[in-house]
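Thanks, everyone; I would like to take a few minutes to go through one model with you, beginning with the interface and then turning to the sheet.

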Amino acid sequence: MSAAAPPPEVVLNMAARADGVAVVRQALAGMADALAFDAAVLSDMKMAVTEACTNVVVHAYDEDPGQLEVQMLAGEQDLTIVVRDHGSGIQPRPNRDGPPALGLGLPLIAALSDAFELRGTADRGTEVRMTFAYTRDGDPASANPVSGSVGADGRWEPGDPPA
Amino acid sequence: MGIVPPAMEANPIVLDDTAGDVVVVVVEGEHDIYTAPTLRGRLEEALDRGGGLVVDLTGATFVDSSVLGALLDARRRALESAQGFVVCVGDTVEPGVKRILDITGLVPVLPVMRGRDEAVEAARNGDGP
């Protein structure tokens, strides 16, 4: 029997700069075209991947931008996207160049993806792994709603986790 | 075809002061951490004029949390100086804009309205945060 075609896989390796985040979205849209995603899922993927890449651009590296790695792995039922840096680890550095981040990135990623995992070590960088089903039974944002609201300092204040 | 970095020309942020005492910051296209500093600058410029401020996202196709951070900072500044602040999104809101506003619960906070005219009127009356 002939071997099945290997599952589509895309790997992007680029400098962790702000102007690269839109490039990742374009690549994701191209990959999603080939996989016939529902439009709402694609929209959520773009948002979640943007937030993960933004975390790398803003927090991962001290001065010289290091690498931003994005891996997209198409499975039978879903697409897994891994966003990785080789920066300072899971405790983010403060944003040196701009205003303080809102702190909403990870809650958004959790709400928009069907599964989400954050791995990091102090000296080997951080990896955000997100999975998106091609078709959905329900809205992941209902299962993992963004909790909290804007505090007086303008940052996101996490609220009580949903019951 | 190639993948090209975003150009500001394709994702403009312009000030429209034809409404008189209310300045409208018109945001079109995709906006994220790359264009957020430009947006912050335009919002500052609009607030410096001292009147109400409307941010019109009708032509925006995508905004991320960096954009929300810029909007929330402008809202706070408007609040401190008693200037009206309203965001409008038009009647058919792009998923890349609607979704993040919905799931963060920011529609009543910012606040977000539909049409530009009603937003301008609300900002003129000092409505908003």
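Predicted model: local features only at pLDDT ≥ 70, side-chain atom pairs only at ≥ 80, totals over all residues.

Residues are numbered from 1 along each chain as its sequence is written, chains are lettered from A in the order in which they are written, and side-chain values use heavy atoms, with hydrogens and water left out.

By that rule, four salt bridges are found across the interface of chain A and chain B, and in one of them Glu30(B) meets Arg25(A), with the closest N and O atoms 2.8 Å apart. As for the extent of the interface, 32 residues of chain A are in contact with 25 residues of chain B, contact meaning heavy atoms within 4.5 Å. The two chains bury about 2,300 Å² between them, 66% of it on carbon and sulfur atoms, where buried area is the accessible area (1.4 Å probe) that two parts lose on being put together, summed over both. In chain A, the residues that lose the most area to chain B are Asp19(A), Arg25(A) and Met47(A), which together account for 20% of what that side buries.

Turning to the sheet, five strands of chain A form an open, antiparallel arrangement in the order β1-β2-β3-β5-β4, where strands are DSSP runs (E, at least two residues) numbered from the N terminus, and two strands pair if DSSP finds at least two bridges between them.

Notes:
Salt bridge = Lys/Arg side-chain N within 4 Å of Asp/Glu carboxyl O. Helix = DSSP H or I, 4+ residues; strand = E, 2+ residues; numbered from the N terminus.
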